[in-house]
Amino acid sequence: MTDDPRLKRLVDLEQHTVIYDQAAPDDESPIRVVRGSQPILISAPHSARHWRDGDWKPEDEYTAALGWFLHETLGAYFIYSRYQLQPDPHDDGDANPYKQVLADLVATTPFRLALDLHGARGDRDFAVAIGTIGGQTFAPYESQLVTAFEQHGFIDQAPTSLDRLALNLGRYMGGARLPTITRFLWEQHQLPCAQIELSAWMRIVQRLPNATNAKNMTSPDFRGDPARILRVLEALTSFLRQILTKL
Ligand SMILES: [Zn+2]
């Protein structure tokens with residue numbers, strides 16, 4: 001399992017496509033757009049550290065790798081933070097740089113849908129939390145997305161939180177209160193979008209040495225669950241493939 005080439009690829013991508021703890025060089029934007037060949041958009045605004053409430057918040061590890069993987073596998077477009085991002089686009093209005101780059105991209109590319117990827121701590125009571133602001137933002141595709149995760153073993157009434165799929169749960173509604181990417185794309189651009197929060201166990205193949213929780217010695221050797229990381233990867237891939245075959 002741990003030598004699955006897809007897991008190795010995720011580690012390789014995470015090592016080479018994102019620098020969690022550095023500012024962008026003067027001649028470069030912290031925000032990177034990876035152009036694809038298909039009308040689907042993956043977003044990972046917290047892939048590097050991001051400034052919120054007067055402090056740097058830890059990166060959502062491996063959301064950069066996941067987006068790159070979906071780009072390589074399916075031809076998805078991908079937008080993410082390659083370097084530290086200030087301000088956090090989930091803690092700011094619609095005029096911040098990430099949302100502006102997103103607006104330009106959406107204006108020039110006829111996307112069908114977007115997925116905004118995030119990371120949650122490993123001690124939350126879910127494996128995967130899908131937020132669509134109570135069903136508003138992803139209506140045409142929501143049941144297919146839920147079914148794809150269910151088919152890969154993630155269900156609401158799972159015996160362990162490590163297999164629990166939560167839909168529009170409490171703080172993970174996708175923007176009921178915060179000015180999220182999901183809310184922005186749906187309300188301002190009428191692009192169906194779902195926020196997908198993945199527990200640390202579902203995405204961190206192997207923590208990198210410059211991760212916040214490695215540098216502060218909280219858990220420098222954290223490794224998620226390889227089988228579940230692959231199930232998440234397969235659920236996302238099969239969902240997006242279904243969409244693309246119907247276009
Ligand atoms: Zn996040």
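How are helix 1 and helix 7 oriented to each other?

**Entry 1**

I looked up the two axes first. The model is predicted, so I note that local features need pLDDT of at least 70, that side-chain atom pairs count only at pLDDT 80 or more, and that totals for chains, interfaces and linings use all residues. Residues are numbered from 1 along each chain as its sequence is written, and side-chain values use heavy atoms, with hydrogens and water left out.

The axes of helix 1 (residues 5-17) and helix 7 (residues 226-245) come within 10 Å and cross at roughly 85 degrees. Helix 1 and helix 7 are therefore roughly perpendicular to each other. I used these cut-offs: under 35 degrees is roughly parallel, over 145 roughly antiparallel, 65 to 115 roughly perpendicular, and the rest oblique. Axes are lines fitted to C-alpha atoms, for helices over the stretch in contact, and angles run from 0 to 180 degrees between N-to-C directions. Helices (H or I, at least four residues) and strands (E, at least two) are DSSP runs numbered from the N terminus.

On the helix 1 side I found Arg6, Leu7 and Leu10, which meet Pro226, Ile229, Leu230, Leu233 and Glu234 of helix 7; contact means heavy atoms within 4.5 Å. By class, this contact has six nonpolar, no polar and two charged residues. Ala, Val, Leu, Ile, Met, Phe, Trp, Tyr, Cys and Pro count as nonpolar, Asp, Glu, Lys and Arg as charged, and the others, Gly among them, as polar.

**Entry 1: pockets**

I then searched for pockets. A pocket is an open set of points on a 1 Å grid over the protein atoms alone, where a 1.4 Å probe fits, with protein on both sides within 12 Å along at least five of seven lines; lining residues have an atom within 4 Å of a point. Grid points are joined across faces, edges and corners, and a volume is the space filled by probe spheres set on the points.

The largest pocket has a volume of about 1000 Å³. Of its 38 lining residues, Asp60, Gly119, Ala120, Arg124 and Arg171 are the closest to its centre. Strand 6 gives the most to this lining, with three residues. I counted nine nonpolar, 15 polar and 14 charged residues in the lining of the largest pocket.

The second largest pocket has a volume of about 170 Å³. Its lining includes Leu7, Pro226 and Ile229, and helix 1 gives the most to it, with three residues.

Seven strands form an open sheet of mixed pairing, in the order 1-5-2-6-9-7-8. Strand 1 (31-34) and strand 8 (165-167) each have a single partner strand, so one side of each is left without a neighbour in the sheet. Two strands pair if DSSP finds at least two bridges between them. The twist averages 20 degrees from one strand to the next.

Strand 2 (residues 40-44) and strand 5 (residues 77-81) run parallel and are joined by four bridges; Ser43 has Ile79 of strand 5 as its bridge partner. Helix 3 (residues 97-108) lies across strand 1, strand 2 and strand 5, at about 170 degrees to strand 5.

**Entry 2: backbone**

The peptide bond from Gln86 to Pro87 is cis, with omega near 0 degrees, and Pro87 sits in the loop between strand 5 and helix 3. Asp53 is not a glycine, yet has a positive phi of about 50 degrees; the loop between strand 3 and strand 4 (55-57) holds Asp53.
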